[in-house]
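Subject: The structure I promised you

Hi,

Here is the structure I said I would pass on.

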Amino acid sequence: MRDTRVVIPDPFDKLRAGSGRGSAGGVMLEINGWTLEMQTDPHFREDDEACSFVVHGVTGGGFAKLIVMTILEKIALALPAVESPARYMGGEANSVVKDHSEMLCRMAFVFPDTYEIGMSNNGIRILYHVINRESDLLCEVSFAPWDDMAAEMKRLDIPLYSYATYTPVRDFEVVGMTLQTELNFTNVPYVLELARIPAWQKDRQENDPIVVAGGPSMANPEPVADFFDAFMIGDGEKVMIDFLRCVGEGRKAGLSRAEILKNLSKIDGVYVPSLRPVVKNEFGAIVPAEPAAGAYATTNGVRRLFIPKMDPKDYPVKNLIANMQLVHNRFSVEVMRGCAQGCRFCQAGIWYRPCRELDPDDVLDIAKAGLLATGERELGLLSLSTADYKPVEALTDSIIDDPFYDHVDVSLPSIRVNSFGQTLAGKIAALKGGRSATFAPETGSERIRKMINKTISDQDMYDAAEHAFSSGFNKIKLYTMIGFPTENEEDMQAFCDLIFNLVKIGRKYNRGIQIAVSIGILIPKSFTALQWAPFMDKETALGHIRFVREKFFKHPNVKINWAAWETSFLEAIYSRGDRSLAPVIYEAYKQGIIFESDSYRFNFSKWEQVWQKTGYDTSWVYRERDKNEVFPWDFIHAGTTKQYLRREWEKAFDPNSAPVPNCKWGDCQKCGIPGFGDEIRLADNPVRHKAPSRTPEEIKKLVADRRPSQKVSYSYKITFKKTGLSRFLPHHNMLSFFERTFLCAGNPVKFSEGFSPKP
Amino acid sequence: MGALPLGMETYCELISVELLKPLDLAPENLPNLMKELSRPFPRGMEIVNIEPLKEKLSKHFPKAMVYRYTPEAIPADLMERFNSKTFPTVTNHRGQEIDLNQHVLSIENREGTLYLKVKCNDQGTTASPFVIFAGILGISIDPAKLDEVSRRFLVAKMTMEW
């Protein structure tokens, strides 16, 4: 007797062919020359399309017993052995479940990072919503499993599966990924092979899904071009639907994979790498044979798409409710897309142009509906620079005026220094209790700020700090960078002087204030004015960081954190790399280098071994790019032209050049986006939700008056069941679901009194 | 009564909540209310009853709990050993000894599925059902690795007796 395991690709045909399905004794099958008796499992259901057969005790040429197990049952066997089973149990509330057989096209949206990160991502929520509102299209989500679950999946023969119906990802017509960071690149072959889909595009067969990616890393998809059949470049709300219909119609018409890919390449904003020839440039980089040329409207390149306006119908409300704590536990509304401040290092500033704002009445309607549908306690008003949202103060007034938000923590991330006026600071402090403010001066040196067109002065920083500390904030976080071209010790001294002066301002109001300085290292990115710049070498970069650290060593008011040069170096390779990186990425994955966004797992010496083994020369990152050099990403027309970026690069080193203004206020810089400013969509103050402007004192009184009396409360005994995979829901997560459900019902749980109230 | 062990099903878990507004528990409204309140829960988790609570839940403790498990095979002499009180004494993950003859109050075999009534202590908890089922079925598990091993038993808590 020996144990073995076989997987039958299409078990149901064989099941139906058998005469005794479900009866005692089962049916007989012949597999690999063995005659096998199959016993149906008591949990087996005919609609469970995803199953394989585990063979126990096969006798040589004789008789065996097969037990049918669904993916769901195998997951139940796997979860006891993993560290965080709630990550993999699926069945999230608000999941969309449709009849797969009725769909024109189905997409498995695989997030190539952990559940906690993926479920926090707003892009995945938007696409999940816009696809599933179409009656003939379907989207289900899946996430990269941590090593322990991956090992269990291999042991129990579980392919990567979708979380709503536990369908193998490889059974969907399309597998989509969003690449939020280059540090997810090694997870691409990892999740594909877990899904049993060939990692390399060239190895895929007719029945394999079309594998497509989108997301911010599309500003240079070339390092992973050989893993994908297609990419979607730019805003995905509309093109995603066209893409899925093209694949669905192609499959329905019996078109070959090559024909479907050819049709996909004709969709505006879709890039099919296998259909765009590449050549080596004079520096040895693999670049497009036909770079994008001409104006955006008539270019031969792949256009980065942007939706003309922020349509409230595209905003998701019934988001999936996660089974565990996430990186960001909040309901988010993207109030504005695009930022046209013109910072020369900033890829997002170019990539998301033009600036489009959502009407504040829609912001408030979506926020309230979303908070009620998900039971979240925090509202995130997202954008690249929320304080630049034109009606930000009126929106804040409306939120303050509505008692619905009394139980909601409102976050306004990414506040620009010169937008943080006294009024806004006071309102935010009154609303949120005034804890900390985050600013991004980028550098302490005014010379460098002028070079990168960060149009704020030291005085602006001092004014913002004065507003924050005088309004009751006790902490300021500063996001900064080193590694800019021409940066020297004088610039680092200016950096330290700025921090010393901020401390002096803060200590006037509170001797215990904290200034947390986070120092990153500049990574020159594609589609920025600094795409020609070299990456700073290790010795110089660490010298500059050390300069600041030593000045504030054990300082009672200042904490310095800094990025690891090694991680930044890898990102610098990825961000401007070419197709020759794909074999390196694959080798790294095979060496176990995955989940690189987790700093605890990052291992630079392993990377050095990979580069050595694959013969990859990394020295090019230190080279300043030639003026007329063709770049790997030059097949994309981002709207903003390369000529404009080059002019910006040259202006950076011209001490007499004028600052570039924020074009959203009407001063078009002719960057290449068509319309010369007509594409910009600014919002006006709310009308339906108009509210009076209040002083901080009035806000504090209003909030205090509205605070419900907790003297009267109503106690209930609730009996509940927890069955199926929900039995793997940890106790503390289960409790949080009760808090959530009563928030959804508009009947909050009574809080204990105290400094930090908890239910 | 403590936290439910990870991996164990329950059909009768209790929780008390204090709310700032009353709930409408009229019989005609209760089913819809429970359905609506269960909506944000993951698949498999559901509210099955709500009633007003006059005293704190912790003032009353259950006397016994009924657990369900369907083993691959049931020893032929199971009931005989139960009746003759010859079950072994086993140890839990804390190393405490559990005399199964004292803890198991009744056993019912319904077509291969076992229903065990287990005695609660004065805090309303029982010994681990995983340890108890392993003990009566003669399955050896390492108590030190109880979490990993025990979650493979699909044990369900069916009812509580007060």
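Below is what I found, going from the whole chains down to a single residue.

Before anything else, keep in mind that this is a predicted model.

**The two chains**

Let's start with chain A. It has 759 residues, and 60% of them count as buried. If you take the contacts in chain A with a separation of 6 or more, 77% of them are between residues 24 or more positions apart. The accessible surface of chain A is about 30100 Å², and carbon and sulfur atoms account for 51% of that.

Now chain B. Five helices and eight strands turn up there, and if you read along the sequence you get the pattern β-α-β-β-α-β-β-α-β-β-α-α-β. Chain B has 162 residues, of which 46% are buried. For contacts in chain B with a separation of 6 or more, residues 24 or more positions apart make up 64%. Its accessible surface comes to about 8700 Å², with 49% belonging to carbon and sulfur atoms.

**A four-stranded sheet in chain A**

Next, find the open sheet of four strands in chain A. The order is S20-S21-S22-S23, and the pairing is parallel. Which strands stand at the edges? They are S20 (436-442) and S23 (558-562) of chain A; each has a single partner strand, so one side of each has no neighbour in the sheet. From one strand to the next, the twist averages 20°.

If you want a pair to click on, Ile476(A) stands opposite Ile515(A) in S22(A).

Two helices to look for pack on this sheet. Helix H14 (residues 458-470) of chain A touches S20 and S21 of chain A, and its direction makes about 155° with that of S21(A). Helix H15 (residues 489-509) of chain A touches S21, S22 and S23 of chain A, and its direction makes about 160° with that of S22(A).

**A mostly covered strand**

Strand S18 (residues 378-382) of chain A is worth a click too: four of its five residues are buried, which leaves the strand mostly covered. S18(A) pairs in the parallel sense with strand S15 (residues 331-334) of chain A, over four bridges. It also pairs in the parallel sense with strand S19 (residues 409-411) of chain A, over three bridges. Phe331(A) stands opposite Leu379(A), and Leu379(A) in turn stands opposite Val410(A) in S19(A).

How do helices H18 (residues 582-590) and H19 (residues 604-614) of chain A meet? Their axes come within 10 Å and cross at roughly 130°. That angle is why H18(A) and H19(A) count as oblique to each other. The crossing of H18(A) past H19(A) is right-handed. On the H18(A) side the contact is made by Pro583(A), Val584(A), Glu587(A) and Ala588(A), and on the H19(A) side by Trp607(A), Val610(A), Trp611(A), Lys613(A) and Thr614(A).

**One residue up close**

Is Leu264(A) buried or exposed? Leu264(A) has 0% relative accessibility, so it counts as buried. You will find Leu264(A) in helix H8 (residues 257-265) of chain A. Leaving aside neighbours within four places in sequence, Leu264(A) is in contact with Ile210(A), Phe243(A), Cys246(A), Val247(A), Val270(A) and Val272(A). The C-alpha atoms of Leu264(A) and Asp242(A) are separated by 8.8 Å, and these two residues are 22 residues apart along the chain.

**Back to chain B: one strand, two directions**

Last stop is strand S8 (residues 156-161) of chain B. Strand S1 (residues 9-19) of chain B runs parallel to S8(B), with two bridges joining them. There, Thr10(B) has Lys157(B) as its bridge partner. Strand S3 (residues 64-69) of chain B runs antiparallel to S8(B), and five bridges join that pair. On that side, Ala64(B) has Glu161(B) as its bridge partner.

Happy clicking!

Technical notes
Residues are numbered from 1 along each chain as its sequence is written. Chains are lettered from A and ligands numbered from 1 in the order in which they are written. This is a predicted model: local features need pLDDT of at least 70, side-chain atom pairs count only at pLDDT 80 or more; totals for chains, interfaces and linings use all residues. Side-chain values use heavy atoms; hydrogens and water are left out. Two strands pair if DSSP finds at least two bridges between them. Axes are lines fitted to C-alpha atoms, for helices over the stretch in contact, and angles run from 0 to 180 degrees between N-to-C directions. Contact means heavy atoms within 4.5 Å. Buried means under 20% relative accessible area, exposed over 50%, partly exposed in between (1.4 Å probe, protein chains only). Accessible areas come from the Shrake-Rupley method with a 1.4 Å probe; for residues, only the protein chains shown count as cover. Angles under 35 degrees count as roughly parallel, over 145 as roughly antiparallel, 65 to 115 as roughly perpendicular and the rest as oblique. A crossing is left-handed if the near helix is turned anticlockwise from the far one by less than a right angle, and right-handed if clockwise.
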